[in-house]
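Subject: Structure for you to look at

Hello,

Here is the structure I said I would pass on. Please open it first, then read the notes below with it on your screen.

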Amino acid sequence: MNSVKEKLNSGGFTIGSWMQIPNTSIAEILGNAGFDWVALDLEHGAFSLHLLPDIFRAISQGGSLPFARVAESRPKDIKQALDAGAKGIIVPMIESSKQVEDFLKWSSYPPKGIRGVGYSNANLFGKRFDSYSKEINSNLVRVIQIENIKAVKEIDAILSVKGIDAMMIGPYDLSGSMGLTGQFDHPEFLKAIETLQKAAERNRVPLGTHVIQTDFQKVKDEIRNGKKFIAYSTDAIMLNTQANLNFNELNSLE
């Protein structure tokens, strides 16, 4: 079984990271850093389709699983990420149960879904076709992102659709949809988070979030608060943070 799926099914937590810079060396570094998974941000990152197989391979080399946050929940976006070798799919901006049903359908081979069947990088262009096609329906990690206050109001209907491995909060977009961009301590934002947490518990769906800054204490706090699927920072933020720290230390020597 997919190791991330196994952790989530057993009630454990899983920690991954986020890539926005299209570079195989960065992918290899993150893949070797100990994360359970590394997700390519195909919504806001600058990834070309032809780069995906090489970047997924670089992530896998270090033992992490390659995930993709697709640009939109559309059959083409999902199919291309899967054919390139993604072992997990994260879809943004989910606001209805119908969108969840479509996601499950588009990410599954028949008879469970309508994903197109063919040779691709994911099955080594047919060499591993039989084993891949038999396993991917049940082994793929499927994650929905809740990023709008409209979705919070529909959350029980959204989570009533079975087949999702985790629900992930998109904090910046969610706060932005409330007119509170980045105000994560605002009472109304905290109320929305509490609503999502309770709904996840009622529906027995692991809850996740994205800890944007390089604050590992925040990650520990989120785990204590019941989060099970956590993205830690991004490649660009980690690079910026370390570069700024080093430069500030050098300036202090003057």
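Asparagine 203 counts as buried, because its relative accessibility is 16%. Buried means under 20% relative accessible area, exposed means over 50%, and partly exposed is in between, using a 1.4 Å probe and protein chains only.

Before going on, two notes on where the values come from. This is a predicted model, in which local features need pLDDT of at least 70 and side-chain atom pairs count only at pLDDT 80 or more, while totals for chains, interfaces and linings use all residues. Residues are numbered from 1 along each chain as its sequence is written, and side-chain values use heavy atoms, with hydrogens and water left out.

Asparagine 203 is in helix α10, which covers residues 187-203. Helices (H or I, at least four residues) and strands (E, at least two) are DSSP runs, numbered from the N terminus. Leaving aside neighbours within four places in sequence, asparagine 203 is in contact with Asp156, Leu159, Ser160 and Lys162. Contact means heavy atoms within 4.5 Å.

Arginine 204 lies in the loop between α10 and β7 (207-211). Arginine 204 counts as exposed, because its relative accessibility is 77%. Phi of arginine 204 is near 55°, a positive value in a residue other than glycine.

Other backbone points

Most residues other than glycine have a negative phi, and most peptide bonds are trans. Serine 233 is not a glycine, yet has a positive phi of about 55°. Serine 233 sits in the loop between β8 (229-232) and α12 (235-251), and counts as buried because its relative accessibility is 0%. The peptide bond from proline 110 to proline 111 is cis, with omega near 10°. Proline 111 is in the loop between α5 (97-106) and α6.

The buried residues of α5 are Val100, Asp102, Phe103, Leu104 and Trp106. Among the elements that cover them are α4, β4 (88-91), β5 and α8 (155-159).

In helix α6 (residues 129-139), the buried residues are Phe129, Tyr132, Ile136 and Asn137. Seen down the axis of α6, these fall within an arc of 115°, so they line one face of the helix. The arc is that of the directions from the helix axis to the C-beta atoms. Asp130 and Lys134, on the other side of α6, are exposed. What do the buried residues of α6 pack against? They pack against α4 (75-84) and β5 (141-146).

Helices α2 and α3

The axes of α2 (residues 24-31) and α3 (residues 52-61) come within 7 Å and cross at roughly 25°. Axes are lines fitted to C-alpha atoms, for helices over the stretch in contact, and angles run from 0 to 180 degrees between N-to-C directions. The two helices are therefore roughly parallel to each other. Angles under 35 degrees count as roughly parallel, over 145 as roughly antiparallel, 65 to 115 as roughly perpendicular and the rest as oblique.

On the α2 side, the contact is made by Thr24, Ala27, Glu28 and Gly31, and on the α3 side by Asp54, Ile55, Ala58, Ile59 and Gln61. These residues divide into four nonpolar, three polar and two charged. Here Ala, Val, Leu, Ile, Met, Phe, Trp, Tyr, Cys and Pro count as nonpolar, Asp, Glu, Lys and Arg as charged, and the others, Gly among them, as polar.

Alanine 84 is in helix α4 and is buried, with a relative accessible area of 5%. The C-alpha atoms of leucine 51 and alanine 84 are 33 residues apart along the chain and separated by 9.0 Å. Leucine 51 is in the loop between β2 (37-41) and α3, and counts as partly exposed because its relative accessibility is 24%.

Valine 4 lies in helix α1 (residues 3-9). Is valine 4 buried or exposed? Valine 4 is buried, with a relative accessible area of 0%. Leaving out residues up to four places away in sequence, valine 4 touches Thr14, Asp36, Trp37, Leu65, Phe67, Val141 and Phe229.

Regards
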